[in-house]
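Subject: Handover of a structure, with findings on one helix

Dear colleague,

Please find below the structure that I am handing over to you. My findings follow it.

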Amino acid sequence: MNLKKIFIISIILLSIFLIYLTTMDKKVYFLALGDSTALGDKQTSYPKLITKYLEKKDLLEESRLEFIQDDMRITDLIRDIDDNKKTEINGKEKTIKNALIKADLLTISIGNEELFYKLKTEKPNNLYNYIDEMMEDMDKLLERIKEYCKEDIFLLGYYNTFSNQMEEYIHYANQKLERLSKKYKIHYVDLSKLKNTSQELEFGKKNQETIANILLPLIEKSVILDE
């Protein structure tokens with residue numbers, strides 16, 4: 001084989017490799033973590049809607065929703081990361097740390113159930129102290145997550161499932177959550193204008209679609225167009 005043929009073949013192989021790298025880099029590994037807000041209902045959830053959006057755009061590398069858990073607390077997620085929780089996906093064992101490392105896009109919705117429960121059961125004069133303790137746990141959680149995930153992280157704020165008399169506590173929690181987002185340089189997603197008039201924590205299809213519609217333009221700007 002003469003040098004000219006070797007050169008042409010090398011150029012072709014290099015071109016194929018570069019095309020592969022370019023295509024691969026544009027694919028998004030999506031990981032969703034959280035409690036019942038992320039889990040959604042029998043009809044849909046915002047992580048599933050984000051997955052469908054990425055699939056439609058032909059941008060999805062993988063979508064990992066298996067680490068979402070109903071009744072999950074902030075400390076539960078901290079423990080899952082510390083213990084490197086494992087789950088079986090398509091016959092293969094996957095760990096949460098590996099998913100965090102691989103994630104190009106991470107959404108987190110956590111603490112809703114804890115706050116929801118305390119607002120229903122705790123005396124008002126104890127709520128500020130409880131929220132402060134929650135945010136100390138959230139600080140620890142975000143520190144751990146940032147250790148492994150170096151890409152775009154979207155932290156969802158809290159929404160109102162009660163009357164206006166609880167608005168001040170939800171606002172206080174969201175203010176602290178937003179400060180933590182700035183500390184760890186992640187995206188804070190304000191959901192405070194959402195109302196769940198059913199007085200139940202779980203959002204139905206309409207509100208899950210609303211959350212997705214809030215998130216998708218942010219994802220488009222920060223994750224997809226920034227590729």
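A residue is called buried under 20% relative accessible area, exposed over 50% and partly exposed in between, with a 1.4 Å probe and protein chains only. The model is predicted, so local features need pLDDT of at least 70 and side-chain atom pairs count only at pLDDT 80 or more, while totals for chains, interfaces and linings use all residues. Residues are numbered from 1 along each chain as its sequence is written, and side-chain values use heavy atoms, leaving out hydrogens and water.

Helices (H or I, at least four residues) and strands (E, at least two) are DSSP runs, numbered from the N terminus. In helix H8 (residues 167–183), Tyr169, Ile170, Ala173, Asn174, Leu177, Leu180 and Ser181 are buried. Seen down the axis of H8, these residues fall within an arc of 130° (taken from the directions from the helix axis to the C-beta atoms), so they line one face of the helix. The face turned away from the buried side carries the exposed residues Arg179, Lys182 and Lys183.

Just after H8, lysine 185 has a positive phi of about 55°.

The axes of H7 and H8, lines fitted to C-alpha atoms over the stretch in contact with angles from 0 to 180 degrees between N-to-C directions, come within 10 Å and cross at roughly 20°. H7 and H8 are therefore roughly parallel to each other, a term for angles under 35 degrees.

With kind regards

Terms used. Angles under 35 degrees count as roughly parallel, over 145 as roughly antiparallel, 65 to 115 as roughly perpendicular and the rest as oblique.
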